[in-house]
Amino acid sequence: MATTRNMSNLVLAHEIVVNENFHLDSIDPPENSLEGRVKQIVHKAFWDLLEAELNEDPPKYEYAIKLFDEIKEILLSFLTPGTNRLRTQICEVLDADLIRQQAEHNTVDIQKLGSYIINIMAKLCAPVRDDDIKNLKTSCNVVQMLRDVFHVLDLMKMDMVNYTIQNIRPQLQRQLVEYERVKFQEVLDKSPDALSQTSEWIKESLDNALEARSHENSTCANGASMDNLSPTSVLNNGFLKLLQMDYQKVLPETLITDEFRIQELKHKLYQVKLIACVCLIAQNIMGSCCTNEFTDKMKEITAILLQGVNNKKFNLKESLNTISIKICFELNKSLTERDLPTLNAEAQANLVGQICSIIEKEHPIYNLIEKRIQGYLSKFLCLPPPFKQVPAIPGGLSSVHMEMEFIGVHFTNIVNFNKQVYGPFYANIFRKLLFSKTPGDKVQSES
């Protein structure tokens, strides 16, 4: 429970800082759900009972007194330090013992108390709730008025929470790195295996780097050398691996706070790869006849028809076929408008075939785009913040340069912050991998 609480606090603090649009909303269960029906039945029973009590002769006020006491506590929770006069006034007017004494003498004025509560709410609420407060004042039925009061108070609670979040964001920004590191260390102290996925992820990246090095220098002892193999480059390659669609392993624990953002960038990058492939194939077939305007047109068509490509039910093969046919049509139309010869049947079949086969393994255009994207993002990760100048866009990616720059900036921001927080943990993992190897492992202790 303590580990879960620390992790929840860590994730919440991180989300407040990195997500400028972060806010909390009240969650109501769907009306047709079991939870929704139970809530509706229970609430209706309570308000019906309250109405029945107030309609008795003489009226009973036990439930009403409890409501007023609850309303008093909610109103007091909205007050800021220094509002002692208003605090005293609320406590006096909504004093449960006083209302109970008035009830014993049948002198309770529910309508007057309700009007007082609404006036106080009008003073404390955010401007966005002004219309809700006005509607409260038009209610003639006491029970319905109290019911609506609680609804608006719930909205005001969320307003107060979100206002507090906005106020603490600057303080959290200054302390977030240290805060996250401390919180994660507390998690690690209680759960020593909390870095198991992260260790496996770094080990995999290290093994991949050594394998690549062995191909470059087959004369090295043991197949690869750790000379000039930077932990930073190994780590960067591990981060880049997370953006590849074929990477389906569990995300490292140190990236759990950015899991949603990484998945979004991963899906966006996949769509951008496909768009770049389609544009490059068409540009190669058209040659010098391909204009910037037509490239933009192809990009727009492809982007529209690839919406939802990351949905499991999305039929990519069918969509690529539709894209290829549409591009052939638009391409011939563009050539005709410029009094140029249209593509013959063979060229059209070639265009359709190349676009439809993008998803096949070892597709040369897709592999080329993939390699250049990896190189571009790798250069991005080596840039020191802030980004005064972004890397030059490689050939073949000019049609998606804005999308690639967006992905590069956002992903690099995530990675740089992550390194700030979890750098010491990564360093410990590297030390264990490099200096605690058995004789059969690839990395030798003397490295």
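Predicted model: local features only at pLDDT ≥ 70, side-chain atom pairs only at ≥ 80, totals over all residues.
I take helix axes as lines fitted to C-alpha atoms over the stretch in contact, with angles running from 0 to 180 degrees between N-to-C directions. I number residues from 1 along each chain as its sequence is written, and side-chain values use heavy atoms, without hydrogens and water.

**Entry 1: helix pairs**

I looked up H15 (residues 364-381) against H16 (residues 401-435); the axes lie 9 Å apart at an angle of about 45 degrees. Helices here are DSSP runs (H or I, at least four residues), numbered from the N terminus. H15 and H16 are therefore oblique to each other; angles under 35 degrees count as roughly parallel, over 145 as roughly antiparallel, 65 to 115 as roughly perpendicular and the rest as oblique. On the H15 side I noted Ile373, Tyr376, Leu377, Phe380 and Leu381 in the contact, and on the H16 side residues including Met404, Phe411 and Lys419. Contact means heavy atoms within 4.5 Å. I sorted the residues of this contact into ten nonpolar, three polar and two charged.

I then looked up H3 (residues 62-78) and H4 (residues 84-93), whose axes come within 10 Å and cross at roughly 175 degrees. That makes H3 roughly antiparallel to H4. Lys72, Leu75 and Leu76 of H3 meet Arg87, Ile90 and Cys91 of H4.

**Entry 2: cores**

I define a nonpolar core as a set of buried Ala, Val, Leu, Ile, Met, Phe, Trp, Tyr and Cys residues joined through side-chain atoms within 4.5 Å. Buried means under 20% relative accessible area, exposed over 50%, and partly exposed in between (1.4 Å probe, protein chains only). The largest nonpolar core has 85 residues, of which Trp201, Phe239, Ile358 and Leu377 touch the most other members. Helix H11 (residues 259-286) gives the largest share of this core, 15 residues. Another core, of 39 residues, lies apart from it and has Trp47, Ile65, Leu75 and Val152 among its members.

**Entry 3: backbone**

I found a cis peptide bond from Asp57 to Pro58, with omega near -5 degrees. Pro58 sits in the loop between H2 (34-55) and H3. Most residues other than glycine have a negative phi, and most peptide bonds are trans. Asn106 has a positive phi, near 55 degrees, and counts as partly exposed at 45% relative accessibility. Glu362 also has a positive phi, near 65 degrees, and counts as exposed at 58%.

Technical notes. Helix = DSSP H or I, 4+ residues; strand = E, 2+ residues; numbered from the N terminus. Nonpolar A, V, L, I, M, F, W, Y, C, P; charged D, E, K, R; others polar.
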